Amino acid sequence: IGRAVYLYPEIDSTNSAAFHLGHSGAGEGTIVIADTQLKGRGRLHRPWQSPPGRNLYTSILLKPPIEPSVAPQLTLLAGVAVADLLSFYCPGSVRLKWPNDVQINGKKVCGILAEMKTSAHGIDYIAIGIGINVNIRNEEFDETFRNLATSLREETGQVLPRMDIAVSLYDHFEKCYTLYLAEGFQSLKERWLIYARILGEQLQVIFREEVQSGEVAGLDDSGALLLCDREGKITRVIAGDATIKKG
Ligand code: BTN
């Protein structure tokens, strides 16, 4: 990771840049990082607020030897890497929220967006986009997110150097990715479930107005969430917004 690094003061989206680089043959582990994004993308076509001088916006280009159907594993892998990183600053209060949010004390501090290019040969490349709220203050968030989002600065009371955080992120990511290539998804899946503290919880997932709910039984090997209904029937959920139902 990081043998080639592209650093931009301003860009439309680091994921788009990583895609262009992938298209022109850039190698696995190429990194794109920007101070600000003009068209930062979130999941489900939402925009990602990307003010300059504050946060981390980065994408890592990967060319994993896996089938497209198991690519969601890489989103979960990135979640574990970010959770390892953030746990150094906020030990014990980092949590993963399926499919790809990282929270501190119940508020979103990081979003992950994996986008892939496939062809008849399988996966050509994947851009793993990671946005971490580092030094943004609560009042700078759009009003709609103010109660739902946080930053490392809000949680630690310290202004942190973004580059240190970026370097440490790539380090954690590389450790997780090396383990994944050597041993597969199993150990990362277990670590993901520990950070998510979600097994046995009642969960509701909404995707395109369809609601699925049930008790969380685990993740399957493709990274899909498994929900168990009252009759014991298991449903695989691959996308959506999840909320834990307090009962
Ligand atoms: C989400 O939670 O909806 C995912 C947000 C992903 C944001 C990051 S910032 C770096 C990369 N470039 C983008 O345009 N999006 C991702």
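**Confidence.** I began with the predictor's own scores, and found that the mean pLDDT of the protein is 94, with 99% of its residues at 70 or more. For the complex I noted an ipTM of 0.99 and a pTM of 0.94, both given by the predictor. I keep in mind that where pLDDT is low, the predicted coordinates should not be read in detail.

**Ligand shell.** I then listed the residues around the ligand, which number 21, and those that come nearest are S13, G42, G111, G129 and G131. Looking up which elements give two or more residues to this shell, I found α1 (14-23), β3 (56-62), β6 (107-119) and β7 (122-132). Sorted by class, the shell has 12 polar residues, five nonpolar ones and four charged ones.

**Helix α2.** I turned next to α2, which covers residues 72-89 and has 18 residues. From its first C-alpha to its last, α2 reaches 27 Å, which is close to the 26 Å expected at 1.5 Å a residue. I also looked up its burial: 14 of the 18 residues of α2 are buried, so the helix is largely enclosed by the rest of the structure.

**G223.** I located G223 in the loop between β9 (210-219) and β10 (225-228). Is G223 buried or exposed? I count it as buried because it has 22 C-beta neighbours inside 10 Å, and the cut-off for that label is 20 or more. As a separate check on distance, I looked up G223 and V134, which are 89 residues apart in sequence and 27 Å apart in space, C-alpha to C-alpha.

**Backbone exceptions.** A cis peptide bond, with omega at about 0 degrees, joins W98 and P99, and P99 sits in the loop between β4 (94-97) and β5 (101-104). N105, which is not a glycine, has a positive phi of about 45 degrees and is placed in the loop between β5 and β6. N105 is exposed, since I find 12 other C-beta atoms within 10 Å of it. R197, again not a glycine, has a positive phi of about 40 degrees, and I place R197 in the loop between α5 (186-196) and β8 (202-207). With 11 C-beta neighbours inside 10 Å, R197 also counts as exposed.

Methods: Residues are numbered from 1 along each chain as its sequence is written. This is a predicted model: local features need pLDDT of at least 70, side-chain atom pairs count only at pLDDT 80 or more; totals for chains, interfaces and linings use all residues. A residue is near a molecule or strand if its C-beta atom, placed from the backbone, lies within 6 Å of it. Helices (H or I, at least four residues) and strands (E, at least two) are DSSP runs, numbered from the N terminus. Ala, Val, Leu, Ile, Met, Phe, Trp, Tyr, Cys and Pro count as nonpolar, Asp, Glu, Lys and Arg as charged, and the others, Gly among them, as polar. The expected span of a helix is 1.5 Å times one less than its number of residues. pLDDT is the predictor's confidence in each residue, from 0 to 100.
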